[in-house]
Amino acid sequence: MAPRSEFTLRTGVVDGRLAYVGVGGAIDGQVNPDLVVQSGDIVRIDLVNGDGASHDLAVDRLGARTPLGMARDKAVSMTFKAGKSGVFPYLCTVAGHRQAGMEGRLVINP
């Protein structure tokens, strides 16, 4: 069975911009943290809605996306297998949210 990489991000507003904020572990408190995994890992990302607005998290180039989370303090999740190595943006697909700051990087190491 492939190793498992798990991350929790919470939506919110930081310095007047929308953001994902890391919860726990090495990413705790980081704004739009790099999520670093190994190729072949099973990756789970939990997204907690911290502000009550609608948000999701998508890694479009990998075809991975959480459902839209709308209720404050509720979580949505996605699980996928990390394939080829590279750097892939993760972002909120709600209109205007990426431009307002909701974007980070998924780094898949070989």
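Reply: Let us begin with Asp15, which is exposed, with a relative accessible area of 79%. Exposed means over 50% relative accessible area, buried means under 20%, and partly exposed is in between, calculated with a 1.4 Å probe and protein chains only. The model is predicted: local features need pLDDT of at least 70 and side-chain atom pairs count only at pLDDT 80 or more, while totals for chains, interfaces and linings use all residues. Residues are numbered from 1 along each chain as its sequence is written, and side-chain values use heavy atoms, with hydrogens and water left out.

Me: Where does Asp15 lie?

Reply: Asp15 belongs to the loop between β1 and β2. Strands such as these are DSSP runs (E, at least two residues; helices are H or I, at least four), numbered from the N terminus. The phi of Asp15 is near 50°, which is a positive value in a residue other than glycine.

Me: And what is the phi of Asp73?

Reply: Asp73 has a positive phi of about 70°, although it is not a glycine. Its place is in the loop between β6 (64–65) and β7. Asp73 is partly exposed, at a relative accessible area of 47%.

Me: Let us turn to the sheet. In what order do the four strands of the open sheet come?

Reply: The order is β2-β1-β4-β7, and the pairing is mixed. Two strands pair if DSSP finds at least two bridges between them. The edge strands, β2 and β7 (75–81), each pair on one side only. From one strand to the next, the twist averages 25°; here axes are lines fitted to C-alpha atoms (for helices, over the stretch in contact), and angles run from 0 to 180 degrees between N-to-C directions.

Me: How many bridges join β1 to β4?

Reply: Seven bridges join them, and β1 (residues 4–14) and β4 run parallel. Between β4 and β7 there are also seven bridges, in the antiparallel sense. Strands of a sheet pair through backbone hydrogen bonds, either parallel or antiparallel. Across these pairings, Glu6 stands opposite Arg44 in β4, and Arg44 stands opposite Thr79 in β7.

Me: Which side chains of β7 are buried?

Reply: Val76, Met78 and Phe80 point to one face and are buried.

Me: Which residues of the largest nonpolar core touch the most other members?

Reply: They are Leu9, Tyr20, Leu35, Ile45, Leu57, Val59 and Leu106, out of 23 residues in that core. A nonpolar core is a set of buried Ala, Val, Leu, Ile, Met, Phe, Trp, Tyr and Cys residues joined through side-chain atoms within 4.5 Å. The elements that give two or more residues to this core are β1, β2, β3, β4, β7, β8 (86–91) and β9.

Me: New topic: how many salt bridges does the structure hold?

Reply: The structure holds six salt bridges. A salt bridge is a side-chain nitrogen of Lys or Arg within 4 Å of a carboxyl oxygen of Asp or Glu. One of them links Glu6 and Arg4, whose closest N and O atoms are 2.8 Å apart. Glu6 is exposed, at 51%, while Arg4 is partly exposed, at 43%.

Me: Which residue forms a salt bridge with Arg105?

Reply: The partner is Asp34, and the closest N and O atoms are 2.7 Å apart. Arg105 lies in strand β9 (residues 103–109) and Asp34 in the loop between β2 (17–23) and β3 (35–38), so the pair ties together parts that are 71 residues apart in sequence.

Me: Finally, is Asn49 buried or exposed?

Reply: Asn49 counts as buried, at 3% relative accessibility. Asn49 is found in the loop between β4 (42–48) and β5 (58–59). Its side chain reaches the backbone nitrogen of Asp51 at 3.1 Å, and a polar atom of that side chain lies 2.6 Å from the backbone oxygen of Ala53.

Me: Which residues does Asn49 touch, not counting those up to four places away in sequence?

Reply: Among them are Arg10, Thr11, His55 and Asp73. Contact means heavy atoms within 4.5 Å.

Conventions: Polar contact = N/O pair within 3.5 Å; in protein donor to acceptor, adjacent residues only side chain to side chain.
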